[in-house]
Amino acid sequence: MASNGSRMSLPKYVQETDQGVILAIRVQPRASNNEIIADLADEQLKVRITAPPVDSAANKALTKFIAKSLDVPSRTVSLIRGDKNRSKVLFIANTDVASVLAKIHK
């Protein structure tokens, strides 16, 4: 079966799967506040987190903040790549690209 492609042109940092959405994120730890900086032209979604990059604190804060920002349960957000790196890949289960983009680009 041929892929019909997306109805809309998606930013490079978001990818839809049958199980949910994959987000490519560039994290800035120790920021003055938690925020998402979404530029449709960027390769990665920029996210500022107040937590320091120590003992996975920034990773935990990131997944909690993304869950809250997307209005999904924390358990549905998981870090799948980039545990010790500023470039991270998150998986958000049981959601779709349209919902994610609507919440990110308010």
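The model is predicted. Start with the chain as a whole. The protein chain has two helices and six strands. Read from the N terminus, the elements run β-β-β-β-α-β-β-α. The radius of gyration is 14 Å, close to the 13 Å that the globule rule gives for 106 residues, so the chain is as compact as a globular protein of that length. Along its principal axes, the C-alpha trace spans about 45 × 25 × 25 Å.

Next, look at how the chain meets itself. Take the contacts with a separation of 6 or more: residues 24 or more positions apart account for 49% of them. Buried residues make up 39% of the 106 residues.

Now turn to the core. In soluble globular proteins, nonpolar side chains tend to be buried together. Here the largest nonpolar core has 24 residues. L23, I25, V47, L62 and I66 have the most contacts inside this core. Five elements each supply at least two of the core's residues: β2 (20-28), β4 (45-48), α1 (57-70), β6 (87-93) and α2 (97-104).

L23 is then in contact with Y13, V14, L45, K88, V89, L90, I92, V100 and I104.

The protein chain exposes about 6800 Å². Carbon and sulfur atoms supply 47% of that area. The chain carries 16 positive and 10 negative side chains. The centres of these two sets lie 6 Å apart.

Terms used:
Residues numbered from 1 in each chain as written. Predicted model: local features only at pLDDT ≥ 70, side-chain atom pairs only at ≥ 80, totals over all residues. Heavy atoms only, no water. Core = buried A, V, L, I, M, F, W, Y, C linked by side-chain atoms within 4.5 Å. Buried < 20%, exposed > 50% of the residue type's maximum accessible area, 1.4 Å probe, protein only. Helix = DSSP H or I, 4+ residues; strand = E, 2+ residues; numbered from the N terminus. Contact = heavy atoms within 4.5 Å. Rg over C-alpha atoms; globule rule 2.2 N^0.38 Å. Areas by Shrake-Rupley, 256 points an atom, 1.4 Å probe, with all protein chains shown as cover. Lys, Arg positive; Asp, Glu negative; His and termini not counted. Charge placed at Lys NZ, Arg CZ, Asp CG, Glu CD. Lists of a residue's contacts leave out its neighbours within four places in sequence.
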